[in-house]
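Have a look at the structure, then read on.

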Amino acid sequence: MRIIVFVTLAAGIALAETPVDFQRQVRPILSDNCFHCHGPDRTTRMANLRLDTREGAFAPRKQGAAIVPGQPAASLILERIRHQDPARVMPPPQSHKKISAQQQQILTRWIAQGAPWQEHWAFQQPAKPSLPTVRNTQWPRSPLDQLLLARIEAAGLTPAPEADRRPRPHRSPAPTRRRRSLRHRPRPGRLRKARRPLPRLPPVRRTPRPLLARRRPLRRHPRPPRR
Ligand code: HEC
């Protein structure tokens, strides 16, 4: 328990310094909770406020601006999300949406960090990131490892030890007994007969004989129910 608390605390402290990722952390909060009334759809848009575009979110309004980069206290969205009056709070209670304390914290940190508004990665020009410094310089074998390790260390974790390279013995699945056909439901009197061992495959020479001796042909499919 203590370890969990410690790890969470360490992760919390480390995360306070890491920049908030707009696309991954901020935009989903806004799109889930606000876009229905402040998004691209003109027919459901309220207060003529768009929060899905940079222009809309930063545009000056009568009371200020929805988002004022670097100034969480001046940003209308935070004021309205934290509002005590149910008639003013955003999202409105009747929308049955709610912003958690953690999501509020993400929005606040993002605005405090200057509210960087990146386009979706698919529209961004790829750029080579500079490699972060890591404490355990022995672990990374490639630049990719270094990126991973930086994130692992930021979360207060350490990489798991390397897995054994020896291949694991491959176990074949347990041999299954050939199942009797599902449609074969012996009546109680026939139970003993039904318990006879199943004919093996491929058939031995004498197997077909009792089969051929049957008067009725073998049914391949269950009979349709009688009406
Ligand atoms: C169910 C519809 C609905 C949802 C969802 C909603 N809003 Fe609103 N919002 C409104 C309406 C209606 C108004 C105008 C009335 C008012 O000011 O309360 C408004 C007004 C605002 C204003 C004030 C604009 C101004 O200039 O006065 C802000 C800021 C705002 N919303 C932010 C948000 C944020 C942030 C979210 C998501 C967390 C959100 N809203 C979700 C309906 C909604």
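Predicted model: local features only at pLDDT ≥ 70, side-chain atom pairs only at ≥ 80, totals over all residues.

**Ligand shell and helix packing**

The shell around the ligand splits into 13 nonpolar residues, five polar and four charged. Numbering starts from 1 along each chain as its sequence is written.

**Around the ligand**

- There are 22 residues around the ligand, and C34, C37, M46, A47 and M90 come nearest (a residue is near a molecule or strand if its C-beta atom, placed from the backbone, lies within 6 Å of it).
- Two elements give two or more residues to this shell: α3 (35–38) and α5 (76–81).
- Helices (H or I, at least four residues) and strands (E, at least two) are DSSP runs, numbered from the N terminus.
- The largest share, four residues, comes from α5.

**α2 against α6**

- Helix α2 (residues 22–33) packs with helix α6 (residues 101–112) at an angle of about 120°, and their axes are 10 Å apart.
- Those axes are lines fitted to C-alpha atoms, for helices over the stretch in contact, with angles running from 0 to 180 degrees between N-to-C directions.
- That makes α2 and α6 oblique to each other (under 35 degrees is roughly parallel, over 145 roughly antiparallel, 65 to 115 roughly perpendicular, and the rest oblique).
- On the α2 side the contact uses F22, Q25, V26 and I29, and on the α6 side Q103, I106, L107 and W110 (contact means C-beta atoms, placed from the backbone, within 7 Å).
- By class, the residues of the contact of α2 with α6 are six nonpolar, two polar and no charged.

- Most residues other than glycine have a negative phi, and most peptide bonds are trans.
- The M90 to P91 peptide bond is cis, with omega near -10°, and P91 sits in the loop between α5 and α6.
- N48 isn't a glycine, yet its phi is positive at about 50°; its place is in the loop between α3 and α4 (54–58).

**Confidence**

- Mean pLDDT (the predictor's confidence in each residue, from 0 to 100) is 81 for the protein, with 67% of residues reaching 70 or more.
- Over residues 5–15 pLDDT stays under 50, and the model has seven contacts beyond four places in sequence for them.

Methods
Nonpolar A, V, L, I, M, F, W, Y, C, P; charged D, E, K, R; others polar. Contact = placed C-beta atoms within 7 Å.
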